[in-house]
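Have a look at the structure first, then read on.

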Amino acid sequence: MAVILAIESSCDETAVAIIKDGVLLSNIVSTQIEVHRKYGGVMPEIASRLHAENISIVLKEAVETANIKLEDVDAFAVTRGPGLIGALHVGLQAAKTLAMLYKKPLIPVHHLAGHIYANEYVAKLEFPLLAVVVSGGNSELVLMEDHLKFKVIGKTRDDAIGECYDKVARVLGLPYPGGIPIDKLAKEGEHAYNLPIPLKGEHTYDLSYSGLKTNVINLVHNLEQKGEKVDVPNMCKSFQDVAVGLVVDRACKAVEEFEVKEVILAGGVSANSYLRMEMKREMDERGIKIIIPPMWCTTDNAAMIAKVAEHLYERKVFADLNLSADPNWSIEDYLEF
Ligand code: KG4
């Protein structure tokens, strides 16, 4: 084992964590949510500029909190993708500079592998497992036969579930990030609006959220045109039932077909209380173990990147200093960079 410094800057959090022999020494996250809230979503150019402003401050704080010197670090890990290209670049250039300066290996980490491995802070992973990866930019069902063996068995054909939550929230006049207020208001509402279930009747593990988003937007506009008031809690509940129901349905079918030992939730939308409750209920009924990440692991951070980096360090998965960011990097190609 070793001292690994990890950097994450794929979206709107600038984060640095330091891990030593499996123990987290520091985990600093600077979020830009307040800035992006004004626009109702992440503004990529602003995100990149803020990462550039914040990275050195976050880095300094992580090193001071860990009470180490940069000379003590054995490897520098960084999120290489997927994410926003300009945002990824900032973290990548910082990590490359450190690796060059201190003559230590550079470890490229896949962002979604990070979300999956965040669960290692809660429990040891048991294989085969199904990772339900649901975030603002991605929605995938990933089958893992062993450590670092990722097979995407289903993914969204269009929008990510988190993106859909954010757009629906915007049309309902709720603040960004939309998943949080929708989750809260859904608890006060009833399933009163009829929204079609995406990909109904199709034998697939894929997901789809663009049609659901359009259905909610059209329904809200139609009601407004008729001068009728939208019942926001009821709309939140009706939407959430369908959005989460789709993921739960796919996960239940997959655990049966692939005979997995456990299911893990990962990504920003894994903070959703209804998803957590429904997945637990379904897996308990089937006698399948479920790992639900603590809330601090659901949002972007570098501790999760450090966890993957430990496994990659053991296997000496290192990159050259000409490494480039890949906004569309597939988790199945995590060794190709
Ligand atoms: O993982 P994340 O930071 O995004 C990416 O890295 O892509 O997740 C952010 C997403 C946002 O779309 C946000 O609305 C959603 O996670 N989210 C939630 C909840 N909390 C955050 N969605 C549903 N329910 C929640 N409680």
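Let's begin with the second largest pocket, whose lining divides into 5 nonpolar, 3 polar and 6 charged residues. Do keep in mind that this is a predicted model.

**Second largest pocket**
- Its volume comes to about 200 Å³.
- The lining numbers 14 residues, and Ile197, Lys200, Leu246, Asp249 and Arg250 are the ones nearest the centre.

**Largest pocket**
- This pocket has a volume of about 1,400 Å³.
- Its lining is made up of 50 residues, with Ser135, Gly136, Gly137, Gly162 and Asp166 nearest the centre.
- Sorted by class, the lining holds 21 polar, 17 nonpolar and 12 charged residues.
- Domain 1 (3-116 + 297-333) and domain 2 (126-292) each give at least three residues to the lining.
- Elements that each supply at least two lining residues include strands E7 (139-144) and E8 (150-155), along with helices H4 (111-117) and H6 (179-186).
- Helix H5 provides the largest share of the lining, with 6 residues.

**Ligand surroundings**
- There are 19 residues around the ligand, and Gly137, Asp166, Gly179, Gly268 and Asn272 come nearest.
- On the side-chain side, a polar atom of serine 135 sits 3.3 Å from a ligand oxygen atom.
- How much of the ligand does the protein bury? Taken alone, the ligand exposes 550 Å², and the protein buries 88% of that.

Terms used: Residues are numbered from 1 along each chain as its sequence is written. This is a predicted model: local features need pLDDT of at least 70, side-chain atom pairs count only at pLDDT 80 or more; totals for chains, interfaces and linings use all residues. Side-chain values use heavy atoms; hydrogens and water are left out. On a 1 Å grid over the protein atoms alone, a cavity is a set of points where a 1.4 Å probe fits but cannot get out, and a pocket is an open set with protein on both sides within 12 Å along at least five of seven lines; lining residues have an atom within 4 Å of a point. Grid points are joined across faces, edges and corners, and a volume is the space filled by probe spheres set on the points. Helices (H or I, at least four residues) and strands (E, at least two) are DSSP runs, numbered from the N terminus. Ala, Val, Leu, Ile, Met, Phe, Trp, Tyr, Cys and Pro count as nonpolar, Asp, Glu, Lys and Arg as charged, and the others, Gly among them, as polar. Domain bounds come from an automatic or database domain assignment. A residue is near a molecule or strand if one of its heavy atoms lies within 4 Å of it. A polar contact is a pair of N or O atoms within 3.5 Å; within protein, one must be able to donate a hydrogen and the other to accept it, and residues adjacent in sequence count only if both atoms are side-chain atoms. Accessible areas come from the Shrake-Rupley method with a 1.4 Å probe; for residues, only the protein chains shown count as cover.
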